[in-house]
Amino acid sequence: MSHYLNELNEVQRNAVTNINGPVLVVAGPGSGKTRVLTYRIAHIIEQGAAPWEVLALTFTNKAAREMKERIAGVVGPQASQVWAGTFHSIFARILRSEAEKIGYPSDFTIYDTEDTKNVISAIVKEMNLDRETYNVNTLRSRISAAKSSLITPKLYQDNEDLREEDRRANRPLTYSVYEKYTARCKRSGAMDFDDLLYRLYELLQRNPDNILEKYRKRFRYLLVDEFQDTNHLQYAIVRKLVNYDHSPRNVCVVGDDAQSIYAFRGATIQNILDFEQDFKPFGIKVFKLEQNYRSTEHIVQSANEVIMHNSRQIQKKIWSDKGQGQRVKIIKARTDTEEGHRVVDTIIEQKNRYHLSNNEIAVLYRTNAQSRIFEEYLRRYNVPYRIFGGQSFYQRKEVKDLISYLRLAVNPGDEEALRRVINFPRRGIGETSVDKISELAGQTNRRMWDCIPEVEMATRTRSAVADFVAMMQEFHRRSATDNAYDLAIDVARRSGLMDELKKDTTIEGIGRLDNVNALLDGIKTFVEDPQPVGAPPMEEGEQPTDIDTRLSAYLQNIALLTDQDEKTDEKDFVTLMSVHAAKGLEFKSVFVVGMEEKLFPSFMSLDSHDGIEEERRLFYVAITRAEQFLTLSYAENRYRYGQMRVNEASRFLEEMPRQHVESTAALGLAKAAERGSRDQSPQQASSGVSGAFPKRTPPPARPVVDPAGFKPSAPDTIQVGMQVLHLQFGQGEVIAIDGHKDSRMASIRFGAGEAPKRIMLKFAKLQVVEG
DNA sequence: GTTGGTATCTGTGGA
DNA sequence: AGATACCAAC
């Protein structure tokens, strides 16, 4: 395993071998950051540390998994003993074992965003507040921001600045919502995503039984990935763990201020600057990884120039020695559908000309809603694709309904689960009864579950409630002993969920039933193939987490999963995802679409300078995903809010340096279009009467080839004059063939009026049409 | 309590 | 445009 140091450049090697004392690594895109992190961990272990003394914190499960795999590649199976995971999952694991010390059950529930919003909505309703001024999303982000700044409800109430802000926004009772929200989560035995951080901090701060020392000793080496995305609270926890008297301060944070794209949820690059200051007295070493191993020069230099438009940043010069490569291509389309069409055309063209596989291509957009049109055309042209993001499997209603039953079985205090399932499927327990229970719970600050027997209700309802309670009690009892699958199956059947789903025989209904069955299959897999849950053992020799196949273990396992964590079946597909989701990934060819003002940059960002700069960093992230081909596209007219709107080209297009752009025509025209669009009143445009703005053009009328019946003919059988089928282009006539052997090219005309396409026979899949 | 229809709102990112 | 919230009628 000692050869790994040879795979590093000098700066990388220094970042890997300086394992003692504080280290800051500023890592540009494609600079081998993950390699540095994993080799550093390997090196720490090689130098004699035990794997379980290393704690590596990431932002996504995927990053953590990848890191573990790569560590395993260097140090072997002991890699699984390293504590590597997301902030949320590692902290959740610690909180599970220490929960009682801060007044939580160890089987606490984790509330997702939906649960959180429901709780807040219920509070707003109960307080008789106007739900427009007391907007759920605003309240949620305000509460989240408060927690991330370590502001308790009490501190919030006493904080004049915050209170003044709320008064000015006509929301003077925000502090009270926050207080009630916190109390409700607490009595439900539930933590939201912020609590997983906040409560851990609280635990370390209160330090019952001197657990702080325990964890400080345990984690002799701490590494943090994507440090630019940490918020104040996360850094506070990091400091708690490593910054104390006589600490070795073996802490390494890796980040790139230029790729900070989560300020909207409290991340601050101030943490990077603070880190440097805080650890300066302890001999901090700073390493800058500036060589980009991913992209060609046109791309890297474009990125450099674009980010220069931002004011604050750590000085660095990213460079590449991969050659100039291709210039950046810009596609200007008249409408969103045309954009979709032309992007997909370009994808197919690139596949043919450069022999790219689908895997090597990604379409990135600012908002998930933009994916539709690209889906349409990709499907039309038989290009396999996969969409990431959007609604996660675990958030689908039917899946969450069953999970809610399971959650309630494990933790009867879980109010959100209770509210969700008490009358679904319908069993005659209506809103009135639920409100009564909720009211009593609020007045006495007890769990709703415990209040149920004391609430008066009609006899009919009473018996329905009694049946429900009896059923759930049995499930609860069994949750302590049964394995997750046996119990889940019974819950699904006896709750009536399955029957309810089977009633719906529409296509969607069958889909929902399939989803629930898929969830049950997932639980079965969990039981049959028990993975050591979460983090590795705490002590040497401890068994890898007591193999626990009960429901509570399963729920812990899935609470922090997202769709991106689903294993893909390694198929060859074009990737469609948001720019945010693309962070950390790379593709040979990248399309950044919807490059329009108010879309990218998002309209939400336009009123603040910081907002624009974050969008620009997001754009920086987008273009630095590309290895060889980068294409930017925009549409002059786009359907938004159900109406055709005129859009200006994004300012970021203007910021693209001309010498790195393939043709400035699209840029020049962008300005003309801009002027033109001002002359054109939006009303005129959206009315569609003028005829200048075509209705949604239907997908192209090219013949679609059924992939199932498609059998490509051998390249050498193709001759001039033949009719051939192409999976994407449909049927066409071979009008010429030139070149020899492997470089034989065919000119094929696919549509009557169209220019012939030149296709390399060796790569293209063509089927000769018989007859 | 339930159902179905209408009105209204919303509309970034994600652990 | 689509999802959700709300309301009136059964």
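This is a predicted model: local features need pLDDT of at least 70, side-chain atom pairs count only at pLDDT 80 or more; totals for chains, interfaces and linings use all residues.
Trainee: Why are α24 and α25 called roughly perpendicular?

Mentor: Helix α24 (residues 507–528) and helix α25 (residues 551–559) pack at an angle of about 115°. Roughly perpendicular covers 65 to 115 degrees. The two helices are therefore roughly perpendicular to each other. Their axes are 11 Å apart. The crossing is right-handed.

Trainee: Which residues of α24 and α25 meet?

Mentor: From α24 come L519, G522, I523 and F526. From α25 come A553, Y554 and N557. The contact residues divide into five nonpolar, two polar and no charged.

Trainee: Why are α22 and α24 called roughly antiparallel?

Mentor: Helix α22 (residues 484–494) packs against α24 at an angle of about 160°. Angles over 145 degrees count as roughly antiparallel. The pair is therefore roughly antiparallel. The axes of α22 and α24 are 8 Å apart. This crossing is left-handed.

Trainee: Which residues make the contact of α22 with α24?

Mentor: A484, Y485, A488, I489 and A492 belong to α22. L520, I523, K524, F526 and V527 belong to α24. They divide into nine nonpolar, no polar and one charged. Lys counts as charged, and K524 is in the contact.

Trainee: What makes β19 and β20 edge strands?

Mentor: Start with the order of the open sheet, β19-β18-β17-β16-β20. It has five strands, with antiparallel pairing. β19 (757–760) and β20 (766–768) each have a single partner strand, so one side of each has no neighbour in the sheet. The twist averages 45° from one strand to the next.

Trainee: How do you know that β18 pairs with β19?

Mentor: Pairing needs at least two bridges. Four bridges join strand β18 (residues 745–749) to β19. They run antiparallel. One bridge can be named: I748 has K757 in β19 as its partner.

Trainee: How do you know that both faces of β6 are covered?

Mentor: In a regular strand, side chains alternate between the two faces of the sheet. Strand β6 (residues 221–224) has Y221 and L223 on one side. L222 and V224 are on the other. All of these are buried. Buried means under 20% relative accessible area.

Trainee: Which strands are joined to β6, and how do they run?

Mentor: Four bridges join strand β2 (residues 54–58) to β6. That pair runs parallel. V54 stands opposite Y221. Three bridges join β6 to strand β7 (residues 251–255), also parallel. There, L223 stands opposite C252.

Trainee: Why is Q370 called buried?

Mentor: Its relative accessible area is 8%. The cut-off for buried is under 20%. Q370 is therefore buried. The residue is found in the loop between β10 (361–365) and α16 (371–380).

Trainee: What is Q370 in contact with, leaving aside neighbours within four places in sequence?

Mentor: Y365, V593, G594, L599 and R638. Contact means heavy atoms within 4.5 Å.

Trainee: Where does I347 stand relative to Q370?

Mentor: I347 and Q370 are 23 residues apart along the chain. Their C-alpha atoms are separated by 17 Å.

How values were computed:
Residues are numbered from 1 along each chain as its sequence is written. Chains are lettered from A and ligands numbered from 1 in the order in which they are written. Side-chain values use heavy atoms; hydrogens and water are left out. Axes are lines fitted to C-alpha atoms, for helices over the stretch in contact, and angles run from 0 to 180 degrees between N-to-C directions. Angles under 35 degrees count as roughly parallel, over 145 as roughly antiparallel, 65 to 115 as roughly perpendicular and the rest as oblique. A crossing is left-handed if the near helix is turned anticlockwise from the far one by less than a right angle, and right-handed if clockwise. Buried means under 20% relative accessible area, exposed over 50%, partly exposed in between (1.4 Å probe, protein chains only).
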